[in-house]
Amino acid sequence: GKKGGEFYTPAEVSRLLATIVAPKAGDRICDPCCGSGSLLIRAGRAVGSDDFSLYGQEPNGATWALARMNMFLHDLDNARIERGDTIRSPKLIEDDSLMKFNVVVANPPFSLDKWGADTAAQDPYNRFWRGTPPKSRGDYAFISHMVETMNAQDGRVGVVVPHGVLFRGGSEGLIRQRFIEENLLEGVIGLPANLFYGVGIPAALMFFRHNKKDTSMFFIDASRGFAEGKNQSRLREEDIEKIVATWRQRKNLERYAHLATLEEVKANDFNLNIPLYVDTFEEEEPVDLEAVRSEMQRIEGDL
């Protein structure tokens, strides 16, 4: 349903994701929840040449057909778009194993209920060895699948998530801790609220990578830079440019970005909630109580 906002990834968010994962010539690019294929196409176009290959999977028959047609209309008819449930029945298989990709991007349905927890323990591809996500919230099922399908040399993942993924405990907290201990998490970007169709809550972007240069994790709070629309907010050109430039510099920026050490994240019990790392607290103007009292007396006198 509309709760997931899975019908369409806004163009600005697709562009931001694609720019940060930085697909390059020769890359295999995958979206395991490709919908109509807009994010997958955007990631391919970010290469800057035709030297890339696209792969996707989508369970909804009508949306799958739309994705196939979208590829054809964009002269990408060599793209392989499979139909099926990525968690219960992944179709992108090679030599009886999951295909590996240089780049994996997705906007999975938020906190999907009944995602397939009942069969996760028997998963033939052992994707959930870090832990089984709760049966009523499939966010880490999709993330686990994506991380397992990035290649070991230069694989990188960019995924849209609800903020709960950053701080919820239980099995989700354990999975998150294991990703961090394996040094796979590259960083988190907090987005403004109301960017996604039918989803008023703010979302975040999580990025994972094999062979990171160090153990640090980069946090950006981009929740306050946007243009307000009638039904939806949107990221402006300057907002996207600021996020990308800050991400590439990986330097602290007051009230906006923080490069956290592994020790900092451990001290926070592997909680990735952005305000723990980026202080956005605004001092309020002090209230002149005498002036307020005088104003109240004047108003009472007028009344």
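**Salt bridges, ring contacts and enclosed space**

A network of salt bridges links K24, D27, D154 and R156. The model is predicted. Across the whole structure, the search returns 21 salt bridges. One of them pairs R156 with D27, with the closest N and O atoms 2.8 Å apart. R156 belongs to strand β7 (residues 156-162), while D27 sits in the loop between α1 (11-21) and β1 (28-31), so the contact ties together parts that are 129 residues apart in sequence. Both partners lie below the 20% cut-off for burial. R156 is buried, at a relative accessible area of 4%. D27 is buried too, at 2% relative accessibility.

A salt bridge also joins D139 and R168, whose closest N and O atoms are 2.8 Å apart. This pair links distant parts of the chain, 29 residues apart. D139 is in helix α5 (residues 139-148), and R168 is in the loop between α6 (164-167) and α7 (170-181). D139 is buried, with a relative accessible area of 5%. R168 is buried as well, with a value of 17%.

The salt bridge between R236 and E238 has its closest N and O atoms 3.7 Å apart. Here R236 is partly exposed, with a relative accessible area of 28%. E238 is likewise partly exposed, at 47%.

In one of them, the ring centres of F219 and Y277 are 4.2 Å apart and the planes meet at 15 degrees, so the pair is stacked. F219 and Y277 are both buried. Elsewhere, ring pairs join Y140, F179 and F208 into a cluster.

Charged groups also sit over rings. The charged end of K242 is placed over the ring of Y256, 4.0 Å from its centre. R250 lies over the face of W247, at 5.6 Å from the ring centre.

R250 has a further feature in its backbone. Its phi is positive, about 50 degrees, although R250 is not a glycine. The residue is located in the loop between α8 (237-249) and β11 (257-260). R250 is partly exposed, at 23% relative accessibility. R255 lies in the loop between α8 and β11. Phi of R255 is near 60 degrees, again a positive value in a residue other than glycine. R255 is partly exposed, with a relative accessible area of 30%.

R250 also contributes to a pocket. The second largest pocket is lined by E186, R209, N211, K212, K213, D214 and R250. Its volume is about 210 Å³. Six of the lining residues are charged, one is polar and none is nonpolar.

Three cavities of 30 Å³ or more were found. The largest cavity holds about 60 Å³ of space. Its lining consists of C30, P32, Q57, T86, P90, L92, L98, M99, F101, H145 and T149. By class, seven of these residues are nonpolar, four are polar and none is charged.

The second largest cavity has a volume of about 40 Å³. It is lined by P108, P109, F110, D139, F142, I143, V159, V160, V161 and P162. Nine residues of this lining are nonpolar, none is polar and one is charged. Helix α5 and strand β7 each supply at least two lining residues. β7 gives the most, with four. D139, the salt-bridge partner of R168, is among the residues that line this cavity.

Methods:
Residues are numbered from 1 along each chain as its sequence is written. This is a predicted model: local features need pLDDT of at least 70, side-chain atom pairs count only at pLDDT 80 or more; totals for chains, interfaces and linings use all residues. Side-chain values use heavy atoms; hydrogens and water are left out. A salt bridge is a side-chain nitrogen of Lys or Arg within 4 Å of a carboxyl oxygen of Asp or Glu. Buried means under 20% relative accessible area, exposed over 50%, partly exposed in between (1.4 Å probe, protein chains only). On a 1 Å grid over the protein atoms alone, a cavity is a set of points where a 1.4 Å probe fits but cannot get out, and a pocket is an open set with protein on both sides within 12 Å along at least five of seven lines; lining residues have an atom within 4 Å of a point. Grid points are joined across faces, edges and corners, and a volume is the space filled by probe spheres set on the points. Ala, Val, Leu, Ile, Met, Phe, Trp, Tyr, Cys and Pro count as nonpolar, Asp, Glu, Lys and Arg as charged, and the others, Gly among them, as polar. Rings of Phe, Tyr and Trp (its six-membered ring) pair if their centres lie within 6.5 Å; planes under 30 degrees apart count as stacked, over 60 as edge-to-face and the rest as tilted. A charge sits over a ring if NZ of Lys or CZ of Arg is within 6 Å of the ring centre and within 35 degrees of the ring normal.
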